[in-house]
Structure formats: C-alpha cells, structure tokens
Amino acid sequence: QPKKQLPDADDLTSDSVRNISVNTLFLLSTTVDRMNNVLWPYLLEFVTPIQFTNALAPLCKSLMYLAMKKQEEGENASLIRYDLNANLPSPYALTTRLLVVSSQPYAGDCRGTAALRLLHVLHCSVHPALDQLWSKRVPLLVEHVEG
C-alpha cells in the first residue's frame, strides 16, 4: 500500500499560507451560517493592534460582511456590544485606527479602502451622530478611491 505524500515544507511559502488563511476566513464569514456568532465581535479585537496591520484588508472585508449580515437581521443599532465583551476596542480606538489606515487607501492589498468600507458600516455603532454625515461622505470617498 503506497504511503500518501505529504507536501514538502518548501512548497508552502508564507504567501500561500496567507492566501489559504485569507480565503478560509472569508469563506467562513460568508458561507457558514453560525460563524456570525463565533466571529462577531471577536474579529474586532484584531483591528487596533499594530502587529495585525498586514491582516487588515481581509479582516475588514470579513467584518464588513458580518456587520452587514447582522444589520439585515435587525441588529443595526447594537452592532458592537461593549456590555457583553470588555475586550473590544473602544469606539474611539476603532475610529482612529480605521481612519489612519484609510489615509493610505492603496497600501497593503488596499487595506485603506477596506477600512473605509468597514468604518462606513460601523458608523452608527461608533457614534449615532455620524449617521447623517458619514452616510453621504464615506461612500463618495470610497467611490473616488476605487475609481
């Protein structure tokens, strides 16, 4: 009976491992029904630490999808529940981090654009007064950056 060949460690580059991880995270976020409860809001904890900057583009994309899914389920006003999870970054930390990252929209796999899109989805959770201003301005900014 022939033995199965394991892939050589040399075949797995850091880029291929990263791509597999990114694709797996996005697939889990978008296709597995119950993953919303597992990933949200846990993934928000990875937005503000500097060491996760290179992971922000896929992280923001997954978080944006999860947030939109929660909004469709009617949880618009309470996307970020600080009373249930003390480890979440504050609204000020989230806003600051996402704005700073969005100042370089094309860097790191367009993480700035992904940060802007996430900030747009989370604006009511960050501060309710942002709704009127950001619902007009942020989509225009994203359109300009992507155009």
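Reply: What follows takes the core, then the helices, then the aromatic rings.

This is a predicted model: local features need pLDDT of at least 70, side-chain atom pairs count only at pLDDT 80 or more, and totals for chains, interfaces and linings use all residues. Residues are numbered from 1 along each chain as its sequence is written, and side-chain values use heavy atoms, with hydrogens and water left out.

The largest nonpolar core holds 32 residues. Such a core is a set of buried Ala, Val, Leu, Ile, Met, Phe, Trp, Tyr and Cys residues joined through side-chain atoms within 4.5 Å. Buried means under 20% relative accessible area, exposed means over 50%, and partly exposed lies in between (1.4 Å probe, protein chains only). Trp40, Leu44, Val47, Leu63, Ile80 and Leu122 touch the most other members. At least two core residues come from each of α2 (35–39), α3 (56–72), α4 (91–102), α5 and α6 (130–146). Helices are DSSP runs of H or I, at least four residues long, numbered from the N terminus. The largest share of the core, eight residues, belongs to α5.

Take Val47. Beyond its neighbours within four places in sequence, Val47 is in contact with Leu56, Leu59, Leu63, Leu94, Arg97 and Leu98. Contact here means heavy atoms within 4.5 Å.

Now α3. Twelve of its 17 residues are buried, so the helix is mostly covered. They are Leu56, Ala57, Pro58, Leu59, Cys60, Ser62, Leu63, Met64, Leu66, Ala67, Lys69 and Lys70. These buried residues pack against α1 (14–31), α2, α4 and α5. From first C-alpha to last, α3 reaches 24 Å, close to the 24 Å expected at 1.5 Å a residue. The expected span is 1.5 Å times one less than the number of residues. Gly74 follows α3, with a positive phi near 90°.

On to α5, residues 107–126. A straight helix of 20 residues would span 28 Å, but α5 spans only 24 Å between its end C-alpha atoms. α5 bends by about 45° at His120. That bend is the angle between axes fitted to the seven residues ending there and the seven starting there. Gly108 also lies in α5. Gly108 is partly exposed, at 36% relative accessible area. Its C-alpha is 6.5 Å from that of Asn54, 54 residues apart along the chain.

Next, α1. Its 18 residues reach 25 Å, close to the expected 26 Å. Leu25, Ser29 and Thr30 are its buried residues.

Last, the rings. Rings of Phe, Tyr and Trp (its six-membered ring) pair if their centres lie within 6.5 Å; planes under 30 degrees apart are stacked, over 60 edge-to-face, and the rest tilted. The count comes to two aromatic pairs. Tyr42 and Phe46 have ring centres 5.2 Å apart and planes at 80°, so this pair is edge-to-face. Phe46 and Phe52 are also edge-to-face, with centres 5.1 Å apart and planes at 75°. The pairs link Tyr42, Phe46 and Phe52 into a cluster. Tyr42 is partly exposed at 43%, Phe46 at 24% and Phe52 at 28%.
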